[in-house]
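Have the sequence and the 3D view open as you read.

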Amino acid sequence: MKPSHIGRKISRIRELRGIKQEALAFELGVSQQSVSRMEQSENVEEETLQKVAKILGVSTEAIKNYNDEAVLNIISNTFNNHDNSATLQGHIIHYSPSFNPIDKLMEVIEENKKLYERLLESERAQNELLKKMIKD
């Protein structure tokens with residue numbers, strides 16, 4: 001069995017959520033380079049993993065168990081089946097979405113917008129501080 005690469009899973013989930021490394025770094029209070037290194041790491045400390053999971057809006061178990069192939073199968077079956085069922089690892093799963101995907105997409109866009117606004121505000125505050133320091 002191939003070892004689990006937690007950093008790569010974090011990266012994939014982050015990308016699927018539409019969150020940039022810079023935004024994740026800001027929320028974690030670290031540099032973008034630190035997030036890049038974390039995503040290249042096979043293992044991530046449990047405390048960091050919990051923080052990342054919270055920011056990405058998933059559980060730590062969802063990160064640990066993330067599987068590209070399963071996600072692609074679900075997406076493929078979602079668009080190919082017209083009877084509201086999907087096949088996952090040989091099991092037929094019947095589903096009836098209880099949400100509007102466009103509403104969910106708009107929620108994610110709004111979350112990202114707020115995240116970028118906080119990042120921008122932080123940058124402005126840092127610039128003001130630097131200006132003040134240079135002036136003094």
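Start at glycine 18, which follows helix 1 and has a positive phi, near 75°. A word on terms: helices here are DSSP runs of H or I with at least four residues, numbered from the N terminus.

Before going on, keep in mind that this is a predicted model, where local features need pLDDT of at least 70, side-chain atom pairs count only at pLDDT 80 or more, and totals for chains, interfaces and linings use all residues. Residues are numbered from 1 along each chain as its sequence is written, and side-chain values use heavy atoms, with hydrogens and water left out.

## What helix 1 hides

Which residues of helix 1 are buried? In this helix, residues 6-16, they are Ile6, Gly7, Lys9, Ile10, Ser11, Ile13 and Arg14. "Buried" means under 20% relative accessible area, "exposed" means over 50%, and "partly exposed" is in between (1.4 Å probe, protein chains only).

And what covers these buried residues? The cover includes helix 2 (21-28), helix 3 (32-40), helix 4 (46-56) and helix 5 (60-64).

## Salt bridges within a helix

Now for the charged side chains. The structure holds nine salt bridges, each one a side-chain nitrogen of Lys or Arg within 4 Å of a carboxyl oxygen of Asp or Glu.

One of them joins glutamate 15 and arginine 12, at 3.1 Å from N to O. The two sit three residues apart in helix 1, so about one helical turn separates them. Here's the handy rule: an α-helix has 3.6 residues a turn, so residues three or four places apart point the same way. Glutamate 15 counts as partly exposed because its relative accessibility is 42%, and arginine 12 is partly exposed too, at 28%.

Glutamate 121 is partly exposed at 46%, and arginine 124 is partly exposed at 47%. Elsewhere, salt bridges that share partners tie Glu46, Glu61 and Lys64 into one network.

Where does glutamate 27 find its partner? Its side chain meets that of arginine 118 in a salt bridge, 2.6 Å from N to O. This pair links distant parts of the chain, with glutamate 27 in helix 2 and arginine 118 in helix 7 (residues 101-135), 91 residues apart. Glutamate 27 is partly exposed, with a relative accessible area of 29%, and arginine 118 is partly exposed at 42%.

Note on methods: Contact means heavy atoms within 4.5 Å.
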